[in-house]
Each structure stands twice: as C-alpha cells, then as structure tokens.
Amino acid sequence: MNSELATSTIERRSAAPAPGTAGLADDRAAAREAPSRLPVVPPRQPVGLRELLGLGQGEYPTGFAAALQPSRVRPPVAPTYLADPTTLRQAFDAIPGGGPARSRQLTGNVESWASTWDMLTRAERSIDSTYYIIERDIYGFAFLGQLLRKQRQGVRVRLMADATGDVTGARGFTREVAFTWPPQTGGGDYLQELAAAGSEVALYHQQRRRVLRVPESLVFGTSAVAAVNHDKIIVTDGQVGKTGGRNIANYYFADPADMPRAWHDGDAEVRGAEQARDLRTAFEREFHSDSAARVTPDPLGNWTRRDIELLGASHLMDLWMRDPPLSDAEQQALRGDASRRSAMAADLVERALVALRAEAVTRTPSRGERETLMRLANELVGYTRTRGSARTYDREERFFDAEVKIIDQTSAAVSHYNEIAPALTTIIRGAQRRIIIHNQYVVLTREMIDELARASSRGVEILFATNSPLSSDSTVTQAY
C-alpha cells in the first residue's frame with residue numbers, strides 16, 4: 001500500500017477556514033461531507049489449466065511461468081481520470097478529493113522528527129498512525145511511549161505496523177519471540193501494553209496469513225503472498241497529516257553528522273481537514289481489512305509491565321529535545337568523549353524517572369527497566385544535533401498555501417484499490433514542460449514507460465532520480 005500527496009500552489013482563498021484552528025467540524029462530520037471516491041479496480045485475469053501452467057496464448061506468461069518470469073508479466077491497464085487533458089490544471093482538477101490546505105516538505109532528518117514529536121505532543125482528540133517499520137531504538141521506544149501517554153490522557157490512539165518490517169522479530173515490536181539463534185525476546189509485549197491501555201493496535205499481513213495466500217498467488221498469478229503495507233502515515237485530531245518515506249527508526253531521523261549511515265529521505269506535512277480525512281481513509285482501508293490482525297492485551301494478565309520503559313523513553317526524548325542546543329564545537333567534543341556521554345545519559349535517566357513520578361507512575365523501576373532506559377539514553381546522547389531540536393523547531397516555517405490531494409493504493413493482500421496509477425497517468429498527460437520523478441523504489445510498467453515516452457516526444461523534459469543497487473535497501477526491487 002502506498003499513499004502519495006499531490007500539491008498545486010494556489011492563492012489563499014479567504015473563504016477557506018484556517019486549518020488547525022478551533023471550532024472546526026469534528027472528524028465524523030468531515031467524513032460525512034467527503035466527496036465520492038470511486039476505486040480503480042484492475043480486472044482479475046481469467047484462469048484455466050493452460051494459464052495456470054503458463055501455456056496461455058500471447059507473449060506474456062501466466063501462472064507458474066509468470067512466477068519464473070515476473071518482468072514479462074503485463075499488468076492490467078488502469079484508466080486515467082481524464083484521457084486527454086490539455087493543461088496540467090485540467091489534469092489536476094480531474095483527480096477527485098482534496099482542497100485548500102497548508103503544506104510543506106521536510107527534508108532534514110532532525111526537523112522531520114521534531115515535526116512528528118510536535119504533532120504527537122499537541123494531539124488532543126485522536127492519533128491514527130501506520131508505519132512499515134518501527135524499530136526498537138530510542139526513536140521507536142519514544143514514539144510508542146508518547147502514544148501510550150496520549151492514550152492515558154484520553155486521546156484515541158490507533159496504530160498499525162507491518163509484520164514484514166520486523167520479519168524475524170529481532171529489531172521491531174511485532175513478535176513475542178524473535179526468530180534468532182540463540183532465541184531472544186521479541187518486542188510484541190510493548191504493543192500489548194498499548195492495547196491494555198485502550199489503544200487499537202494491529203499488525204499487517206502476519207506470516208501465517210501469507211502462507212494461506214500461497215494457493216491464491218499460484219492460481220491467480222497475484223503478488224498477494226508478498227504484499228506489505230508500505231505506508232508511513234500519521235494523522236492527529238483530524239486536522240494535521242504527515243506522509244512520506246520515513247519510517248520510525250534512528251537511521252531515518254538522526255542527523256548524518258551523528259550517524260553517517262543515516263538515510264536521506266523526505267516527507268510532507270499538510271494541515272487541512274479534507275487531506276487529514278483522506279489520509280485517515282487510506283489508513284482505515286488497511287486497518288479495517290482482514291489482513292490486519294488486532295493486538296490484544298495479554299490474556300493471562302499484564303505480568304510484564306512495559307509502561308516504565310515506554311513512558312521513560314518518551315521523557316528521555318522530550319528532555320533531550322528541550323535541553324539547550326549544543327554548539328558545533330560542543331557536538332564534536334561530545335562525539336569523542338565516551339565518559340561524558342555516559343554521565344549525560346545517567347543524568348537523563350534520573351530526570352526521566354522524576355518526570356514519571358510526577359505523572360503518577362510510582363512503581364519502583366526494576367533492574368531490567370533501568371538497564372533498558374540506560375541503553376536508550378546512551379544511544380540518545382549520541383545524537384548531538386537532536387538535542388535542543390524542540391527549542392529550535394519552527395512549526396510554521398516554510399508552509400505554503402496549496403491545493404492538496406491524497407491519492408492512495410492498497411496492497412494486493414486487501415484488494416486492487418488503486419488511485420495512484422490513474423492519477424499519475426493523468427498528470428503525465430497534462431504535463432507541458434517538465435516531469436521530475438524522485439523515488440527510491442521504481443518498477444516501471446510498460447504502460448508507464450509508454451506514457452513517459454509520449455510526454456518526451458511532445459517536448460516535456462523528464463528528470464528521473466532513483467537509487468542504485470549500492471544505495472538501495474531492496475535488492476528485490478533492483479532485480480525487477
């Protein structure tokens with residue numbers, strides 16, 4: 001599943017309400033006023049014995065032969081929203097949904113995390129969030145801890161993570177036991193802590209469900225068995241939304257000066273009720289599907305509490321982000337001084353425990369809980385440029401007035417709901433001067449190649465940037 005954000009800069013319309021202000025209609029009222037969004041559903045191909053064996057007519061393989069030659073499989077042709085737009089404006093208007101909003105791009109890792117933290121901190125009614133990867137580092141722990149805190153404060157929290165993003169259970173929160181040798185404890189108990197507090201939590205396309213899809217994939221030649229939810233969405237209070245390429249992990253949010261292997265990625269924040277509604281709808285299409293398995297509280301009781309670790313990690317992050325920023329010289333000195341980092345980590349842990357007691361978490365931390373918090377604090381103090389980022393973060397910087405539309409596609413595990421293909425085709429046909437494509441994962445269909453070739457033949461400049469095999473984390477995508 002993927003969700004994309006398309007924008008068109010506009011003049012501010014005086015009649016439009018200012019997104020994020022008080023007095024707006026509640027989430028359910030906004031949903032009732034949503035325009036009709038008709039799904040684009042590619043037809044399922046006819047299947048018989050010859051097709052199953054790959055002996056169907058034509059040059060494109062089917063069935064078992066298609067599994068051996070996936071690059072030769074012709075995908076269904078998706079219609080456009082407007083077959084022959086004469087201008088980009090006409091093409092953009094043909095895509096359903098959207099409206100005036102405030103939007104901005106977030107290219108810096110630290111600023112993007114500050115944006116996420118600000119959204120979570122300010123949430124008063126609801127938080128809906130789905131991520132392909134949530135890792136058991138300080139960012140993952142702090143993220144879940146802040147969700148737990150908000151749930152305890154009465155904010156409705158819904159969270160989904162993809163099972164494939166933590167396939168062995170060794171790095172994320174999706175399994176009770178990690179499939180490693182020697183075996184080790186997984187992170188599933190932390191999601192159960194959220195569920196026990198009242199949050200709705202789901203895991204997308206668990207491995208046992210994949211096994212049940214093997215016959216479907218063999219018979220129909222679908223990719224359902226390999227389907228994942230690749231969305232990165234967070235929506236707060238039905239007014240503010242964020243989507244893009246970043247998951248919840250240190251290599252997405254740490255500054256490259258602190259972590260040389262950190263990713264260079266991007267996402268966008270949008271403030272507007274219509275866009276927040278459409279992002280939430282994209283979230284719910286998968287969250288309410290049969291492929292999303294609910295995480296329930298431990299049926300035998302919450303024998304192993306995780307609240308101190310999660311809430312403590314949230315306080316560690318909040319304290320570090322609100323402490324005074326370090327100068328470049330101080331950052332460099334701290335990176336090279338292990339003893340000073342250890343002392344700062346210990347101080348952070350003690351301050352976090354004081355903050356926990358202030359919010360009525362009075363249970364004495366166990367030795368294991370202290371060790372977890374110390375490990376997370378030692379990691380955190382290594383991110384020198386994250387310190388003070390809540391102080392320097394400008395939540396109004398670089399926003400612009402735009403018309404913003406959310407276009408969505410579900411994974412093959414759910415259905416074939418696809419708004420992205422017809423929207424991109426329509427936009428390409430309406431382009432007059434330049435098309436810029438920047439994406440890490442690219443598998444172009446024959447139809448899309450033809451559309452780009454036609455655009456090029458009429459004089460449209462095409463700029464294409466993607467990762468090479470040396471800088472991509474997906475060898476499968478590169479192989480395709």
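## Aromatic pairs, buried residues and helix packing

The structure holds 12 aromatic pairs, a pair being two rings of Phe, Tyr or Trp (its six-membered ring) with centres within 6.5 Å. The model is predicted: local features need pLDDT of at least 70, side-chain atom pairs count only at pLDDT 80 or more, and totals for chains, interfaces and linings use all residues. Residues are numbered from 1 along each chain as its sequence is written, and side-chain values use heavy atoms, with hydrogens and water left out.

A pair of aromatic rings is described by the distance of the centres and the angle of the planes. Planes under 30 degrees apart count as stacked, over 60 as edge-to-face and the rest as tilted. Two of the pairs are set out below.

| Pair | Centre to centre | Angle between planes | Class |
|---|---|---|---|
| Trp113 and Trp117 | 5.6 Å | 35° | tilted |
| Tyr252 and Trp263 | 6.3 Å | 15° | stacked |

Trp113 and Trp117 are both in helix H5 (residues 109-122), four residues apart, or about one turn of the helix. Helices (H or I, at least four residues) and strands (E, at least two) are DSSP runs, numbered from the N terminus. Trp113 is buried at a relative accessible area of 1%, and Trp117 is buried at 2%; buried means under 20% relative accessible area, exposed over 50% and partly exposed in between (1.4 Å probe, protein chains only). One aromatic cluster is formed by Trp113, Trp117, Tyr139, Phe253 and Tyr383.

In the stacked pair of Tyr252 and Trp263, both residues are buried. Tyr252 belongs to helix H10 (residues 250-253) and Trp263 to the loop between H10 and strand E10 (267-271), so the pair ties together parts that are 11 residues apart in sequence.

Charged side chains also lie over rings, the criterion being NZ of Lys or CZ of Arg within 6 Å of the ring centre and within 35 degrees of the ring normal. Arg387 lies over the face of Trp320, 5.3 Å from the ring centre. The charged end of Lys405 is placed over the ring of Phe92, at 5.0 Å from its centre.

In strand E12 (residues 400-409), eight of the 10 residues are buried, so the strand is largely enclosed by the rest of the structure. E12 pairs with strand E2 (residues 99-106) in the antiparallel sense over five bridges, where pairing requires that DSSP finds at least two bridges between the strands. Pro100 has Glu403 of E12 as its bridge partner.

Thr384 is located in the loop between helix H15 (367-380) and helix H16 (389-392) and is buried, with a relative accessible area of 1%. Leaving out residues up to four places away in sequence, Thr384 touches Asp258, Trp320, Leu326, Gln331, Leu334 and Arg335; contact means heavy atoms within 4.5 Å.

Leu144 lies in helix H6 (residues 138-152) and is buried at 0% relative accessibility. Not counting residues up to four places away in sequence, Leu144 touches Leu159, Phe173, Leu191, Leu194 and Leu310. The C-alpha atoms of Leu144 and Glu193 are 9.7 Å apart, although 49 residues separate the two along the chain.

H6 packs against helix H12 (residues 307-322) at an angle of about 105°, with the axes 7 Å apart. Axes are lines fitted to C-alpha atoms, for helices over the stretch in contact, and angles run from 0 to 180 degrees between N-to-C directions. H6 is therefore roughly perpendicular to H12; angles under 35 degrees count as roughly parallel, over 145 as roughly antiparallel, 65 to 115 as roughly perpendicular and the rest as oblique. Among the contacting residues are Leu144 and Leu148 of H6 and Leu310 and Met317 of H12.
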